[in-house]
Amino acid sequence: MMGSTIRRGTLIVLEGCDRSGKSTQARMLVDSLTQEGHPSKLMRFPDRTTTLGKTINDYLTSAVEMSDQAIHLLFSANRWEAMKQMEADLNAGTTLVVDRYAFSGVAFTAAKGLDLQWCKNPDTGLYAPDVTIYMDLPVDEAMRRGGFGEERYEKEDFQNKVGQVFMQLRTPEWKIVDASPSIDSVHTTLLDIAKTTIDRAAKSPLQRLQW
Ligand code: Z5A
Ligand code: MG
C-alpha cells in the first residue's frame with residue numbers, strides 16, 4: 001500500500017514551578033488539539049495511579065519518609081514504567097501532552113543539593129520531548145494562586161531553588177512562556193507552539209534524552 005504511513009505523534013512537555021498553570025494548560029491543550037483533529041492524550045508525572053506512584057504520593061503528602069536518592073529514583077522509575085505505552089501511543093500517531101517530566105525530576109532533587117549529573121543519569125534514554133514549554137511565573141505570584149502550601153515542596157525558599165535549577169537545565173530550544181497572563185491568553189500561546197511543533201516533529205524521528 002502506498003502513502004498510508006501514519007505520522008508519528010508529538011511529545012510535548014510542560015514544565016515550570018508550582019502553580020504556574022501546567023495542569024490547567026495541559027488539559028486545555030489536549031482538548032483544543034483533539035477538536036482541531038490532532039489525536040492527543042494527557043499524561044502527568046508523577047503518575048500517582050501506579051504502584052510506584054502511590055508510594056510517591058505518600059512521600060509528597062508526608063505519609064512516609066524516604067532518602068533523597070531513593071525518592072529521586074522512584075520518580076524516574078515512574079517515568080520509565082510509562083515508556084512502553086508512550087512509544088505505542090506516539091507510533092500510533094497520538095500526540096502526548098505531558099504535565100511535568102524529567103526536568104522536574106532533576107530540578108527538585110538538585111535543589112536539595114544533590115549532584116546535578118547524578119540527578120540526570122536515571123532519566124537518560126527516556127523519550128526526548130519534541131518541545132519543552134517552560135511556564136515562567138515568579139514564586140510570589142504563584143503563592144497567591146489556589147492550593148499552595150499543602151504538599152512537601154510547596155515552600156517559597158525551596159521553589160526559588162527549583163526555579164534556579166530549571167534555568168540551568170534550559171536549552172535554546174525550550175519555549176519560555178510568561179505564565180502570568182489570563183488562562184485563555186496563555187492557552188493561545190501554547191496552542192500555537194504545539195501546532196508548529198506537530199508539523200515539524202512528524203518529519204523527524206523520536207529522540208532519546210541525552211544530557
Ligand atoms: N516532582 C518531583 O519532585 N520529581 C519529579 O520527577 C516530578 C515531580 C515529576 C507534585 O507534582 C510534586 O512532585 C511537585 C514536583 C514534584 N511538587 N511541588 N511543588 P504535581 O505536578 O502533581 O503538582 P500539582 O499538585 O499538579 O501542582 P502544580 O503542578 O504545581 O500546579 P500547576 O499544574 O502548575 O498549576 P494548576 O493546577 O494548573 O493551577 C494552579 C492554580 O492556579 C489553580 O487554582 C488554577 O486555576 C490557577 N491558575 C492557573 N493558571 C492561571 C492563570 N493564568 N491566572 C490565574 N490563575 C491561574
Ligand atoms: Mg499540576
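Does Thr95 count as buried or exposed? Please bear in mind that this is a predicted model. Thr95 belongs to strand β3, which comprises residues 95-99. Its relative accessibility is 3%, and buried means under 20%, so Thr95 counts as buried.

What surrounds Thr95? Beyond its neighbours within four places in sequence, Thr95 is in contact with Gly9, Thr10, Ile12, Leu33, Pro39, Ser40, Lys41 and Ile198. With Thr10 there is a polar approach: a polar atom of the Thr95 side chain lies 3.2 Å from the backbone nitrogen of Thr10.

Let us move to Val98. Setting aside residues up to four places away in sequence, Val98 touches Leu11, Ile12, Val13, Leu14, Met43 and Phe45. Val98 also has a place in the largest nonpolar core, which holds 38 residues. Within that core, the members touching the most others are Leu11, Met86, Val98, Tyr101, Phe103, Val162 and Phe166. Two or more residues come from each of β1, α2, α3, α4, β3, α5 and α8, and the largest share, six residues, is that of α5. As a general point, nonpolar side chains in soluble globular proteins tend to be buried together.

Buried residues in α3 include Ile71, His72, Leu74, Phe75, Ser76, Asn78 and Arg79. What covers the buried residues of α3 includes α2, α4, α5 and α6.

Finally, some backbone details. Most residues other than glycine have a negative phi, and most peptide bonds are trans. Where does this model depart from that pattern? Arg19 has a positive phi of about 65°; it sits in the loop between β1 and α1 and is partly exposed, with a relative accessible area of 28%. Ser62 has a positive phi near 60°. The peptide bond from Phe45 to Pro46 is cis, with omega near 0°, and Pro46 is found in the loop between β2 and α2.

Thank you for your attention.

Definitions and conventions: Residues numbered from 1 in each chain as written. Chains lettered and ligands numbered in written order. Predicted model: local features only at pLDDT ≥ 70, side-chain atom pairs only at ≥ 80, totals over all residues. Heavy atoms only, no water. Helix = DSSP H or I, 4+ residues; strand = E, 2+ residues; numbered from the N terminus. Buried < 20%, exposed > 50% of the residue type's maximum accessible area, 1.4 Å probe, protein only. Polar contact = N/O pair within 3.5 Å; in protein donor to acceptor, adjacent residues only side chain to side chain. Contact = heavy atoms within 4.5 Å. Core = buried A, V, L, I, M, F, W, Y, C linked by side-chain atoms within 4.5 Å.
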